[in-house]
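My notes follow in the order in which I looked things up.

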Amino acid sequence: MSLFTLAQSLTQLLNTLPSPTQCEYINLDQAVNRVLAEDIFSPISIPRFDNSAMDGYAIRFADLNQHQHFTVVGKAFAGRPFEGQIGIGECVRIMTGACIPTGADTVVMQENTKLDAQGKITFLTLPKCNANIRHCGEDILQGALVLKKGTKLNVTTLPLLASLGIERVAVFSRIKVAILSTGDELVSVGKPLKTGQIYDTNRFTIRLMLEKLHCEIIDYGVLPDCSEQIERVFCQAQEAADVLITSGGVSVGEADFTKDVLEKLGKINFWKIAMKPGKPFAFGKLNKTWFFGLPGNPVSALVTFYQLVQPALLKLAGVSAEKIANFSPNLTACTTEPLKKAVGRQDFQRGFYYTNAQGKLEVKSIGTQGSHIFSAFQESNCFIVLEQERADVQAGETVTIQPFNHLLN
């Protein structure tokens, strides 16, 4: 079987998966990390009215050429506007955020004024017309598109909606994801190990990343190497979840009991991807449940989840294609040391990038890059992405880096 490139695999995967249709209306205080199911148009303008950007005095700009001293006729506070109208040679003491009085078109900063013994105001520095005024709709006009369908709601978008007085929003339903591991050698974290057994860290890792993606998780634990039990749990999962994720047993000819169950219950594609780590990968559908089979090695499982499953789940959650394409933007950096690389597979090495004294990005490799060396992630903050046909990299060469997003930070 020929190897798929990562780009080919991701394109095929995203083209196969549907966009969600089910949604619900919820309050803003419950909407963090949810995905908008409709475009949001502003019901009001922001600011709603012309207001002062400074503490100072509101005046008619045209009067500056005719008057040296101005009479204070009132005060305007935020929430308590001046009710009258400014006449010739008059001004209003105004505070930041207060409505601009009728007739005024300019605010002079308090620091640029002088009050004489007769209570008259003199302006020490002449402002420009419309100075220090925030105009109605300067930020957002009523009826303007504020947020697009497919936007993930967070600490910057939710306050924006709150400022518009929007109390409830339509969001896509959360994805239900079932996870499990198979293998007699695996033991759940917290239980004692017997000879030949290892802890099931992959399911633990996957669960942590699913929590950061705000998925609903159904954890079926560790299953023994028993085809009847695996089939029974797979049948339960495909009725209860939108997605089923497993790790291990996805190489062709390996762990046939898992492969046989998958092919019996649905249509599964077993891919060999030209990436390192993470060559074996399975994708398909069991009845109405999408299936992702990750490699068994812990680093391979994490990398394939990050590069393939993460964007897939974002699409199923309703995130826009533009946001998915930039879920982890690529940067360029200069290597500070040689990197070993064999031609033939796109390599995702763990690295640490930083800005040097000259303001340039530099990156270095972290530890051994074996697919079983999980500890290297502890000191990493990016993947060093080396092209499929690239060979060894010398110190000083430019490489692509992919800073970790919130899943790994």
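The entries below go from the domains to the sheets, then to the helices and single residues.

**Entry 1: model and domains**

I noted at the outset that this is a predicted model. I looked up the domain assignment and found domain 1 given as 6-21 + 173-323 and domain 2 as 23-46 + 138-172. Domain 3 is given as 51-134 and domain 4 as 331-403. I then asked what distance separates the centres of domain 2 and domain 4. Taken over C-alpha atoms, the value is 39 Å.

**Entry 2: the sheet with β5 and β6**

I traced an open sheet of 6 strands and wrote down its order as β7-β4-β6-β5-β9-β8, with mixed pairing. Which strands stand at the edges? They are β7 (106-109) and β8 (113-115); each has a single partner strand, so one side of each is left without a neighbour in the sheet. For the twist from one strand to the next I have an average of 40°.

Inside this order I checked the pair β5 (residues 69-76) and β6 (residues 90-94). The two strands pair in the parallel sense, over 4 bridges. I picked threonine 71 and found glutamate 90 in β6 as its bridge partner.

**Entry 3: the sheet with β13 and β17**

I traced another open sheet of 6 strands, again with mixed pairing, in the order β16-β13-β17-β21-β20-β18. At its edges I found β16 (216-223) and β18 (266-272), and since each has a single partner strand, one side of each is left without a neighbour in the sheet. The twist here averages 15° from one strand to the next.

I looked at β13 (residues 176-182) and β17 (residues 243-247), which run parallel and are joined by 5 bridges. Isoleucine 179 has isoleucine 245 in β17 as its bridge partner.

Helix α4 (residues 227-240) lies across β13, β16, β17, β20 and β21. Relative to β16, α4 runs at about 180°.

I turned to the helix pairs. Two packed helices are described by the angle between their axes and the distance between the axes.

Helix α1 (residues 6-16) packs with α6 at an angle of about 25°, and their axes are 10 Å apart. The cut-off for roughly parallel is under 35 degrees, and α1 and α6 are therefore roughly parallel to each other. I recorded the crossing as right-handed. From α1, the contact uses Leu6, Ser9, Leu10, Leu13 and Leu14. From α6, the residues are Gln307, Leu308, Pro311, Ala312 and Lys315. By class, I have 7 nonpolar, 2 polar and 1 charged residues in the contact of α1 with α6.

**Entry 4: α3 against α6**

I then took α3 (residues 201-212) and α6 (residues 298-317), whose axes come within 10 Å and cross at roughly 30°. By the cut-off used above, α3 and α6 are therefore roughly parallel to each other. α3 passes α6 in a right-handed crossing.

Which residues of α3 meet α6? I listed Thr201, Asn202, Thr205, Ile206, Met209 and Leu210. Facing them in α6 are Pro298, Ala301, Leu302, Phe305 and Leu313. The contact of α3 with α6 has 8 nonpolar and 3 polar residues, and no charged residues.

**Entry 5: backbone checks**

I looked for cis peptide bonds. One joins isoleucine 46 and proline 47, with omega at about -10°. Proline 47 lies in the loop between β2 (40-41) and β3 (51-52). The bond from lysine 276 to proline 277 is also cis, with omega near -5°. I placed proline 277 in the loop between β19 (275-276) and β20.

Last, I noted asparagine 130, which has a positive phi of about 75° although it is not a glycine. Asparagine 130 is in the loop between β9 (120-123) and β10 (133-134).

Terms used: Residues are numbered from 1 along each chain as its sequence is written. This is a predicted model: local features need pLDDT of at least 70, side-chain atom pairs count only at pLDDT 80 or more; totals for chains, interfaces and linings use all residues. Side-chain values use heavy atoms; hydrogens and water are left out. Domain bounds come from an automatic or database domain assignment. Axes are lines fitted to C-alpha atoms, for helices over the stretch in contact, and angles run from 0 to 180 degrees between N-to-C directions. Angles under 35 degrees count as roughly parallel, over 145 as roughly antiparallel, 65 to 115 as roughly perpendicular and the rest as oblique. A crossing is left-handed if the near helix is turned anticlockwise from the far one by less than a right angle, and right-handed if clockwise. Contact means heavy atoms within 4.5 Å. Ala, Val, Leu, Ile, Met, Phe, Trp, Tyr, Cys and Pro count as nonpolar, Asp, Glu, Lys and Arg as charged, and the others, Gly among them, as polar. Two strands pair if DSSP finds at least two bridges between them.
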